[in-house]
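Here are some exercises on helix packing and chain contacts, each with a worked solution. Have the model open beside you and try each task before reading on.

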Amino acid sequence: MSEQQATPPPELPEEPAPSMAARFALYQRAGGIITPVLTALLAFIIGGLVVLVTTGKNPLSTYRAIFDGTGLNWFFPWVRGQERMLAAEDLQQTLLVTTTLILVGIAVAFAFRCGLFNIGGQGQYIAGMIVGSQVGVWMPDLAHVPHMILAAGAGALAGAIWGGIAGILKATVGAHEVISTIMLNWIALWIGSYLVGFEGPLQDPAQVFVPVTEEVSQGAKLNVFWGEALAQGLHIGFFVAIAALIVFWLVLNRTTLGYEVRAVGFNAEAARYGGISVGRNYFLAMAISGAFAGLAGSVDILGWLFRVDLTSVQISSQIAFMGIAVALLGRNTPLGIFFSALLFGALLNGTSTRNLDPAVFQPELAGNLTLIIQGLVVLFVGADLLILYLWRARTKLRRKTAQAVTQS
Amino acid sequence: MSVASVAERATVRFDVAKAAGIVAIALGALAFWVTLPPLTVRTQAVPITLGLAGIASGLWSWRHGHVRLGWTGVMIAFLGIIVGLFAMQAAVGNLEVVITWSALTAATLRFATPLIFAAIGGLFSERSGVVNIGLEGMMLMGAFFGIYGADVTDSWWLGILIGMGAGAALAFVHAVFSIHLRADQIVSGTAINFLALGLTGYLFIDLYGTEGTGEVPAVPDVHLDFLGRIPPEGLGNFLERAFGQLNLMIWLALLTVVLAYIVIFRTTLGLRIRSVGEHPRAADTVGISVYGVRYLAVTTSGALAALGGVYLSIGFVHSFTENMTAGRGFIALAALIFGKWRPFGVLGAALLFGFASAVAPRLENVESWATYGTLFQTLPYLLTLIAVAGLIGRSIPPAAIGRPYEKQ
């Protein structure tokens, strides 16, 4: 993955030794894979230390238990029989979460490539969920395939509009997208809570005492291709997410739009000088980002939730914020996003109350461990310079000892 | 909001046109207020007359050089008429359920206090040029370690100190990554939020299990009985009910605002903080340690934000729950922006947002208004979005905000 990043690393301080630049170039090239892996590893090690210090339990057996809950052992050929069936069920759940994380990850990454930080995944996701579910509820007579596409597309459109608001504000009055997307998140959260909550206009009239919307009609539900449809099997939304990764790559690297978006991301002033409309690209980047997050919302509803309930509106922040970690760890590249979404999807599923054996490690603790690891990953990924510092400290130390040796 | 900062400037030099603008805003507010209890005017002419006078006053101010203030006055006066006429449609009984001014004032202060602490904290950090998205996490640290400290030491004031220390420690991490390691400050702040959420949740379950903290020493209330004896009786009653039973930390929050104003605008340190946030290179040239000032400001912001969390856990609800700040750090961020990075502006914004939070649950007491309570919660975010978009007086951040400084 030799893709360049949207946020160029901070300018290197001038270094007298000429070999430093060469070394840094090497690090950059190799760093495409090495740094994210090291970062994740470091975060897991610290997480393991937390386990060891607070509970005195063996971190390795804790991680092993979490891993067993992810179903990733399905890929091991020696796992057979009953165990394999269980692993398959767990893996379906992991991939369900991965699907969502891929989409919200792209939502962050696409904006990143334009130099924008889309924290608004939550609001866009909520917009996608609600609009997607309503289109799924309306028109029960529509044929299966068009209904699915229409409902999922409507969710994406809603997300695009919600993200586009922040884009327009950035393009026209220069409002910082981080602030406006945070505000839009909370506005979406409360409007969503109003809509699906008690006596809200979208609450299911058949269930007055439960804050949920009506179930989407059978025709709008996404097909399950692996596992039981009634037991949350894996739906075709997974392929939608994979396709989204390909679209993400194609748009960025093979279209004029993608070229312009990246140009603005590298240097907005230079892009403006080159005749690119910066404002237009800000808007488009936010709208397209929002479309991916909205798609995540509608795919979740049509794939396995089927109804928007108050809880899924309220916990949406966890999903959307995880998209930031996914995009950062994946260095905003399609392949990177896929693997980091798989990692975080596995972590989320492996630490869930259903999958983690309480005798080995308390699931409530493990859920928070996931958050800690996620925080550390984001913290370390944000500091490319940390690695550079270590490099420089090493060279300096070497030079000093060399000097000391020659002087004596 | 802007009223406070405008009033603050007005004391310097009396300006008739400016006063007219302020009168316009006041008349707009009055047009609405007369329709509420205790007056509950039910003659349409009254709010219309007041509002029109406000519009005229605003227009006059606009024509005499105060474009933005005048325009704001016109808008508020216009809104006053609309909302006032709208309120007239409501039954007097319903309004009296929702609006009991003394209770509402006390509740407003209660809801505003965590916001004031956190927003003033954010003010220190952002005035020095470091974006602080991590306020939410720092509050959460204060909330948990405040109650934990109070529990372990069996004293509420040690709890306050320990909570502040924990918030400062987390802020220090943010400072290291965003100042020395020159990481993206927004990414680092996001990481801080995850870390705090995971860490406090983890420790809470590890130390207390799922039962909660039990009985913990709380920050005492301040009883001001003499307020009730102030003549006339109505005023005395109001004062006693509104201010007679407030928590110590509420008074501390108000004191913090005054202190922050003095420090930021009346001391050398404040000048240094501001200069580092506006033009770090220039500050460096005259011998100010940019890094030193920023470290101090960010760490202070963590300690202050933590106070907001401490108030929540041992001043307000007397217990801790996972993620108990529930987005208050982000509202504080909104208050900071809405208050234009000025202490009294921030106070005004926090009081306004606190008022919104205080009214929302009361709306639910009236059956026909119940669902609007949720919708009403969007108010702070909508207002901030409008302020960021520059419709009501543009919020302009410190010039060097978000940019890491490189020593030369």
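**Exercise 1.** Work out the handedness of the crossing of helix 15 and helix 16 of chain B, and the orientation of the pair.

*Solution.* Helix 15 (328-338) and helix 16 (residues 343-363) of chain B have axes that come within 7 Å and cross at roughly 135°. Here helices are DSSP runs (H or I, at least four residues) numbered from the N terminus, and axes are lines fitted to C-alpha atoms over the stretch in contact, with angles from 0 to 180 degrees between N-to-C directions. Angles under 35 degrees count as roughly parallel, over 145 as roughly antiparallel, 65 to 115 as roughly perpendicular and the rest as oblique. Helix 15 and helix 16 of chain B are therefore oblique to each other. Their crossing is right-handed; a crossing has that hand if the near helix is turned clockwise from the far one by less than a right angle, and is left-handed if anticlockwise.

Next, the residues. B:Ile331, B:Ala335, B:Leu336 and B:Phe338 of helix 15 meet B:Val346, B:Ala349, B:Ala350 and B:Phe353 of helix 16, contact meaning that C-beta atoms, placed from the backbone, lie within 7 Å. By class, this contact has eight nonpolar, no polar and no charged residues (Ala, Val, Leu, Ile, Met, Phe, Trp, Tyr, Cys and Pro are nonpolar; Asp, Glu, Lys and Arg charged; the others, Gly among them, polar).

A note on the model: it is predicted, so local features need pLDDT of at least 70 and side-chain atom pairs count only at pLDDT 80 or more, while totals for chains, interfaces and linings use all residues. Residues are numbered from 1 along each chain as its sequence is written, and chains are lettered from A and ligands numbered from 1 in the order in which they are written.

**Exercise 2.** Describe how helix 6 of chain B packs with helix 11 of chain B.

*Solution.* Start with the geometry: helix 6 (residues 101-127) and helix 11 (residues 248-266) of chain B pack at about 25°, their axes 9 Å apart. The two are therefore roughly parallel, and helix 6 passes helix 11 in a left-handed crossing. Then look at the contact: helix 6 brings residues including B:Leu109, B:Ile116 and B:Phe117, while helix 11 brings B:Met249, B:Ala253 and B:Val257 among others. The contact residues divide into 11 nonpolar, two polar and two charged.

**Exercise 3.** How do helix 7 and helix 13 of chain A lie relative to each other, roughly parallel or roughly antiparallel?

*Solution.* The axes of helix 7 (residues 237-254) and helix 13 (residues 334-350) of chain A come within 9 Å and cross at roughly 150°. That makes the pair roughly antiparallel, with a right-handed crossing. A:Leu245, A:Phe248 and A:Trp249 of helix 7 meet A:Pro334, A:Ile337 and A:Phe338 of helix 13. This contact has six nonpolar, no polar and no charged residues.

**Exercise 4.** Which helix of chain B gives the most to the side that touches chain A?

*Solution.* First, the totals: 38 residues of chain B are in contact with 42 residues of chain A. Helix 9 (185-208), helix 15, helix 17 (372-376) and helix 18 (379-389) of chain B each supply at least two residues of that side of chain B. Helix 9 gives the most, with 14 residues. By class, this side of chain B has 23 nonpolar, 11 polar and four charged residues.

How values were computed
Contact = placed C-beta atoms within 7 Å.
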